[in-house]
Amino acid sequence: MFQSTQTESRKLLGRLREALAEDSAGQTRLDKITALTADSMRTEVCSIYLFRDADTLELCGTEGLNPDAVHQTRMRMGEGLVGRVAKTGQPINSANAPQERGFRFMPETGEEIYSSFLGVPIQRLGERLGVLVVQGKEARKFSDDETYALEVVAMVLAEMTELGAFVGEGAALSARHQNSVMFRGTVGQEGTADGYVYLHEPRVVVTNPIADDPASESERLTTAVDKLRVSVDEMMGHTITGDKDSRQVLETYRMFANSRSWMRRMQEDIALGLSAEAAVEKEQSSARARLRSVPDPYLRERLHDLDDLSNRLLRILTGQGGETGAEMPDRPILVARNIGPGELLEYGRKLRGIVLEQGSVGSHAAIVARALAIPLVIHAERITAEALNGDRILVDGDQGIAHLRPEDSVATAFRDKIAMQASAQERYASIRDEPATAQCGTTISLMMNAGLMADLPSLENSGAEGVGLFRTELQFLIRSHIPRRGELAALYSRVIDAAKGRPVVFRTLDIGSDKVLSYMKPQDDEPNPALGWRAIRVGLDKPGVMRMQLQALIRAANGRPLSVMFPFVAQFDEYRAGHQHVMEALEREKKLGHALPSDVKIGAMLETPSLAFAPRQFFEMADFISIGGNDLKQFFFAADRENERVRRRYDTLNVSFLSMIEHIVDRCNETSTPVSFCGEDAGRPIEAMCFAAMGLRTLSMRPASIGPVKHLLRRVNLSDAKTVIETARASGEQSVRGHVIEWLRQLN
Ligand code: PEP
Ligand code: MG
């Protein structure tokens with residue numbers, strides 16, 4: 001790069017810093033920046049366009065164009081050359097802009113007399129903030145050095161926008177991270193929460209985008225990158241051999257961390273006057289923009305790796321560690337891109353609400369949120385870019401909406417809603433000890449799903465008749481090693497104690513798919529983990545763990561009744577093998593002199609369509625069957641429970657799925673095998689009522705659903721409901737939901 005460009009660029013940044021340090025209003029600052037930049041770039045025009053909302057750019061400051069157009073001229077993303085720069089995140093450099101495809105003439109600006117055009121994106125950490133443009137009368141293309149220099153100015157602008165330099169009196173635009181924003185996502189778990197943002201991965205704040213001394217910045221960068229390389233190598237050392245996924249990610253990290261071109265570009269940014277932090281961010285942003293347009297999904301995946309690595313480097317440079325020391329606020333609402341079930345369990349009940357950018361309703365993180373009764377909104381796009389630690393946030397899990405920094409009127413309406421929900425809770429509490437007997441006289445047994453010690457008090461509070469599904473894997477997920485037998489026996493014993501004679505159905509370890517234990521992973525990468533080595537398949541292949549768990553359960557029962565069920569049984573043989581393990585464990589325990597359970601029931605979860613068509617002997621042999629609707633539905637419709645796009649296409653009340661349920665109930669009735677439903681849908685009142693109408697007599701759900709489900713069941717006649725379902729089925733409708741809702745509306 002030319003020495004003169006470097007000197008010129010540093011001089012410009014120095015002047016920008018002085019201008020920004022002055023105690024002036026936001027607009028004055030923007031105007032100074034445009035004047036200084038035009039002067040330094042030797043162009044007649046310099047303009048700054050910033051986003052007003054996600055889709056609209058506004059001319060916020062200009063040197064050279066008509067000043068009256070400031071805050072008047074607007075364009076949409078993708079519109080004109082400026083809109084195109086914003087959309088693609090790539091610079092546009094043209095000697096003759098009016099001749100360019102897509103040029104949009106804006107007469108109010110008086111720009112028609114300018115021929116040359118150079119526009120670069122203003123972006124931070126991949127977030128689009130606006131566009132910086134210079135224009136000149138002379139028809140010439142700008143050099144690469146000039147483009148580079150303008151990108152450096154854009155970087156400083158991005159940092160200053162983030163820090164709120166253009167707001168306040170005479171504000172050029174409303175403050176970032178200050179105005180209220182509503183995020184419309186998807187319902188993950190119903191309920192409402194009023195609290196304060198706690199970022200799972202806090203943003204790094206850079207306060208010094210411009211630096212005086214390139215030599216010392218360059219040294220800081222080199223030292224930080226060295227540290228980064230060491231930490232990546234250490235991480236590689238810690239990963240267990242064979243853990244291919246993590247290794248692959250780390251290999252990519254290592255590749256980036258050792259990339260000479262990455263380092264060279266950052267050093268060039270520093271030579272132009274940026275601080276080491278700003279240089280890292282600048283390269284991160286432009287790599288993001290480049291990768292975003294790459295069609296190869298593998299490469300796009302690498303975006304996350306690069307982001308992660310840049311964030312690590314920023315944390316090293318700014319000293320803002322992984323845990324940035326941000327204290328958890330009162331009433332914390334967790335805001336994150338995504339989170340796994342294990343991490344969520346670590347936070348536990350401290351959280352009042354969760355808002356995720358990604359995530360899915362069927363994931364186990366969502367199930368954990370549900371088990372913990374924490375309202376969850378998923379698919380709240382861009383929230384991690386907007387939210388700051390400590391911001392007030394209202395989570396409306398019923399609508400899938402989050403209000404960040406809400407207006408007073410929204411907060412008041414929200415408080416009313418919470419009050420209304422509290423009164424509904426009171427209504428449910430009043431029927432807590434009543435049976436779920438429908439108007440036709442049929443009584444449905446309502447059980448609860450559990451998996452944590454924290455669930456036990458719900459046995460009393462919810463009015464559950466027992467635990468229909470105890471997910472034992474949650475205890476494995478919250479540990480970094482296999483729990484010991486004695487530890488498990490003590491824990492299961494406490495669960496049975498807390499149930500005070502009510503039944504508890506323990507499901508054996510259900511891992512695999514999205515429930516990954518760091519200490520028990522498949523040796524090879526699985527192309528489709530949901531269809532892979534999971535649940536009873538792992539148990540039968542690794543009988544040591546299964547044996548240990550069965551022993552712990554028998555010892556916990558200590559002379560009391562014991563119910564065990566095997567997850568994900570796809571064929572009769574698997575059930576038979578599991579059954580055999582229980583028999584052998586009982587035999588062994590007897591020899592060791594332990595008290596045997598007074599009664600042992602061995603069940604199977606029906607989670608794959610295949611089991612519904614198993615031989616009659618299976619239904620005769622199984623002591624009970626529990627329909628795992630979450631998995632069953634995913635395999636029935638061939639729609640990933642974690643993929644929101646396909647999951648939502650298929651309604652649980654789809655006539656085909658209801659026929660499947662009916663078929664299972666019929667087969668169980670033929671052999672008098674008790675059958676229940678323990679998937680998430682059992683906790684949704686309308687679904688629960690339809691299942692009851694189809695003949696299910698036991699439903700197991702999260703404790704908070706028992707009240708609402710019971711409330712509805714007690715008000716309806718199940719034979720009438722069945723008639724409505726039959727009519728809907730006969731009508732050729734795809735789902736019976738419409739008919740059922742209409743019927744309920746008329747009833748009430
Ligand atoms: C199910 O699949 O419905 C079920 C209850 O099991 P899990 O959600 O834990 O896979
Ligand atoms: Mg399942």
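The legends below describe close-up views of a predicted model. Local features in this predicted model need pLDDT of at least 70 and side-chain atom pairs count only at pLDDT 80 or more, whereas totals for chains, interfaces and linings use all residues; side-chain values use heavy atoms, with hydrogens and water left out. Residues are numbered from 1 along each chain as its sequence is written, and chains are lettered from A and ligands numbered from 1 in the order in which they are written.

**View 1. Protein donors of the magnesium ion (ligand 2).** Glu607 (OE) and Asp631 (OD) lie 2.0 to 2.1 Å from the magnesium ion. Donors are N, O and S atoms within 2.8 Å of the metal (3.2 Å for Na, K and Ca); water is not among the atoms, so sites may look incomplete. The pair links distant parts of the chain, 24 residues apart: Glu607 belongs to the loop between strand 20 (600-606) and helix 20 (609-612), and Asp631 to helix 22 (residues 629-636). Helices (H or I, at least four residues) and strands (E, at least two) are DSSP runs numbered from the N terminus. Glu607 counts as buried because its relative accessibility is 3%, and Asp631 counts as buried at 2%. Buried means under 20% relative accessible area, exposed over 50% and partly exposed in between (1.4 Å probe, protein chains only).

**View 2. Packing of helix 1 (residues 3-21) and helix 4 (residues 144-162).** The axes are 10 Å apart and meet at an angle of about 20 degrees, which makes the two helices roughly parallel. Axes are lines fitted to C-alpha atoms, for helices over the stretch in contact, and angles run from 0 to 180 degrees between N-to-C directions; angles under 35 degrees count as roughly parallel. Helix 1 contributes Thr5, Ser9, Leu12, Leu13, Leu16 and Leu20 to the contact, and helix 4 contributes Asp145, Ala149, Val152, Val153, Val156 and Met160. Contact means heavy atoms within 4.5 Å.

**View 3. Helix 26 (residues 703-713).** This helix is mostly covered, with eight of its 11 residues buried. Those buried residues are Pro703, Ser705, Ile706, Gly707, Val709, Lys710, Leu712 and Leu713.

**View 4. Positive phi at Lys500 and Phe568.** Lys500, a residue other than glycine, has phi near 45 degrees. Its position is the loop between helix 16 (485-499) and strand 18 (504-507), and Lys500 counts as exposed at 61% relative accessibility. Phe568, also not a glycine, has a positive phi of about 60 degrees. Phe568 sits in strand 19 (residues 562-569) and counts as buried at 1% relative accessibility.

Technical notes:
Parallel < 35°, antiparallel > 145°, perpendicular 65-115°, else oblique.
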